[in-house]
Amino acid sequence: MGANQSVHMANSCGQVIHVAIAMRPEVALTDIYVDCALFAFAIGELKSLASTAADLPAEITTFGDLFKSLLFCVRTIKAWGSAAGRPPDAVYTLIEAFKKTSIRIPYGQAPDISDRGILETYLNADGIAGLLGVKTMSAIVMTDDAQQLAMFDTAPDSSWIATSRGLIVRSKYGSLWQEDPSAGQVEWPRDGGINGNEQMKEHMATSLKESIVVALEWLF
């Protein structure tokens with residue numbers, strides 16, 4: 001990228017993480033992604049779950065829409081896990097689509113996620129050009145097990161550490177692995193933000209019951 005642009009993401013969370021960046025949440029996916037067909041198919045699959053339609057964007061058209069839809073999937077997985085069940089396969093369709101169109105970072109590695117060679121694996125020429133010279137860019141980070149998800153803005157010369165403590169923390173300048181919480185940190189709890197939010201827990205429980213009813217009606 002630019003001469004002063006270098007955003008490293010150090011993975012210290014104990015498992016693979018998946019990261020994508022864009023110039024801002026409002027940017028249209030069709031303007032930046034090489035392949036948006038995966039997202040279009042995924043949202044169609046999710047809409048097949050009658051009880052979830054109201055909780056999803058009408059379409060995944062922007063980078064922000066992508067995050068909101070992924071967040072719903074993460075919370076749904078958590079809710080079904082609490083009920084000792086497996087979410088409908090449609091929930092995993094979007095998660096797998098994101099994994100295929102993002103940067104895969106193994107545990108213990110700290111790549112420059114703004115490196116042009118890496119960005120070319122999922123962004124088109126306009127998506128890459130849009131990141132040149134920006135003052136901030138937006139990042140989505142998800143664990144491989146889809147239990148943790150976060151979206152945040154970062155300066156083009158800031159680096160981060162994905163920890164195993166439910167936090168993504170700024171790293172000190174000149175060091176990829178030394179944390180500097182005073183410079184910034186982002187929460188990404190394993191519960192997808194459900195715990196501590198009674199309204200969300202009640203909502204997810206209702207959605208779970210409705211989904212089970214729909215599944216039973218379909219079977220019988």
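These legends describe close-up views of a predicted model.

**View 1. Strand 1 joins strand 6.** Strand 6 covers residues 160–162. The two strands run parallel, and three bridges join them. Look for Ala-10: its bridge partner in strand 6 is Ile-161. In a regular strand the side chains alternate between the two faces of the sheet.

**View 2. Strand 4 and strand 5 form a hairpin.** Strand 4 spans residues 137–143, and strand 5 spans residues 149–154. Their pairing is antiparallel, over six bridges. Ser-138 stands opposite Asp-153 in strand 5. Five residues lie between the strands. In this hairpin, Ala-146 takes a positive phi near 60 degrees.

**View 3. The largest nonpolar core has 58 residues.** Four of them touch the most other members: Met-9, Tyr-33, Phe-63 and Leu-66. Helix 3 (residues 63–82) gives the most to this core, with nine residues. In soluble globular proteins, nonpolar side chains tend to be buried together.

**View 4. Tyr-33 has contacts from several parts of the chain.** Residues up to four places away in sequence are not counted here. Tyr-33 then touches Ala-20, Phe-39, Phe-63, Leu-66, Thr-101, Tyr-122 and Asn-124. Two of these, Phe-63 and Leu-66, are also among the core residues that touch the most other members.

**View 5. Thr-30 sits in helix 1.** This helix covers residues 29–32. Is Thr-30 buried or exposed? Its relative accessible area is 59%, over the 50% cut-off, so Thr-30 counts as exposed. Leaving aside neighbours within four places in sequence, Thr-30 is in contact with Cys-36 and Asn-124. Asp-126 is 96 residues from Thr-30 in sequence. In space, the two are 9.9 Å apart, C-alpha to C-alpha.

**View 6. Helix 4 has 12 residues.** The helix covers residues 89–100. From its first C-alpha to its last, helix 4 reaches 17 Å, close to the 16 Å expected at 1.5 Å a residue. Which residues of helix 4 are buried? They are Ala-90, Val-91, Thr-93, Leu-94, Ile-95, Ala-97, Phe-98 and Lys-99.

Methods. Residues numbered from 1 in each chain as written. Predicted model: local features only at pLDDT ≥ 70, side-chain atom pairs only at ≥ 80, totals over all residues. Heavy atoms only, no water. Pairing = 2+ DSSP bridges. Helix = DSSP H or I, 4+ residues; strand = E, 2+ residues; numbered from the N terminus. Core = buried A, V, L, I, M, F, W, Y, C linked by side-chain atoms within 4.5 Å. Buried < 20%, exposed > 50% of the residue type's maximum accessible area, 1.4 Å probe, protein only. Contact = heavy atoms within 4.5 Å. Expected span 1.5 Å × (residues − 1).
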